[in-house]
Amino acid sequence: MDSQGAPYLNTGALLSPLGAARLCQLAMGCAVIAMVTHSAGHSGSHGMFCMAVWCFCFAMSIVVFFLDATRLYSCLPISWDNLTVTCAAFATLVYVTASVVYPLFFIRSECPYAGCDVRNYRIAVTICSILGALAYGSEVALCRARPGRAVVGYMATVSGLLKVVQGFVACVIFGALANGSQYSRYAATIYCVVVYSFCFSLTAVVVIMTVCGRTKSVRCMPFDRFVVVCTLLEVLLYLSASVVWPVFCFDTKYGSPWRPSSCPQGKCPWDSKVVVAVFSFVNFVLYVTDLVYSQRIRFVSSRLSTSSRA
């Protein structure tokens, strides 16, 4: 017991739906890493990516669970609720990605040269990875702000969760740009890269400010209005990039509307351009949706506290 008579450990970190979700995250993460290391394997860049995702999320879950169980998060100068829901949303996205990438590149209907045991381990890894994604998603669902309930933090709202998805989609765009997209051929496509980088930075600033608890005001305007202004700017910029990029990549004057037959599979600039074009439009839709929800929660966040539990 501490000086106020409360237990030293936070029993809610174990005996609650949220605690159960985090324990499931740890169990699935540990199982995946153990099976991949033991027999399933993770060779190549795609395997290394999946292994990095599982190890990073497992380590992050251990830190979050430990800090919550010991209440040591109160010693940190952060908004704990905003941080945990942001981590859970990000982990959900990367876990889903790994759950798709791993079976796509490592599971075949026939047994590999190492035997059917390897294939069975890889199937088990995929199943545990999917369960891990569901566990992280359940934490997001448990923490998400709902109508009629007090807003714990901005990142728990639909608008805050969309910020995480926008950042993740931007990372996919950057990956495609780095994979031989030939974006430096035209000034217009370089402009698009600048737009993607600027919007990603702006989104990251909003998330960092929220996690650090700096949501009272930004210069001459309240934080909720600052978010709306930033989102509107991002909508306009992404709208321009969503139009400019396809024109300068797929118009016959600048590029090719069809995939060249001589392009190698997996290393074709045309494929990377398609990925950038598709996810540019996806992020544009996300920012528009974010703008709509930002308007809906503006009056809520100005009257209800968004500070951490500490």
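Across the whole structure, a search finds zero disulfides, a disulfide being a pair of cysteine sulfur atoms within 2.5 Å. In general terms, such a link is a covalent bond between the sulfur atoms of two cysteines. The cysteine sulfur closest to that of Cys24 belongs to Cys128 and is 9.3 Å away, which is too far for a bond; Cys128, for which the nearest cysteine sulfur is that of Cys24, is likewise in no disulfide. Cys24 is partly exposed, with a relative accessible area of 31%, whereas Cys128 is buried, at 14%; here buried means under 20% relative accessible area, exposed means over 50%, and partly exposed lies in between, using a 1.4 Å probe and protein chains only.

This is a predicted model, in which local features need pLDDT of at least 70 and side-chain atom pairs count only at pLDDT 80 or more, while totals for chains, interfaces and linings use all residues. Residues are numbered from 1 along each chain as its sequence is written, and side-chain values use heavy atoms, with hydrogens and water left out.

The structure holds 13 aromatic pairs, counted when rings of Phe, Tyr and Trp (its six-membered ring) have centres within 6.5 Å, with planes under 30 degrees apart called stacked, over 60 edge-to-face and the rest tilted. Two of these pairs are set out below.

| Pair | Centre to centre | Angle between planes | Class |
|---|---|---|---|
| Phe56 and Phe90 | 6.3 Å | 90° | edge-to-face |
| Phe174 and Phe200 | 5.6 Å | 85° | edge-to-face |

Phe56 is partly exposed at 46% relative accessibility, as is Phe90 at 32%. The other pair links Phe174 in helix H5 (residues 158–178) with Phe200 in helix H6 (residues 187–211), 26 residues apart. Trp54, Tyr102 and Phe106 form one aromatic cluster.

Helix H1 (residues 17–40) and helix H2 (residues 44–70) pack at an angle of about 145°, with their axes 9 Å apart; axes are lines fitted to C-alpha atoms, for helices over the stretch in contact, and angles run from 0 to 180 degrees between N-to-C directions.

Methods: Helix = DSSP H or I, 4+ residues; strand = E, 2+ residues; numbered from the N terminus.
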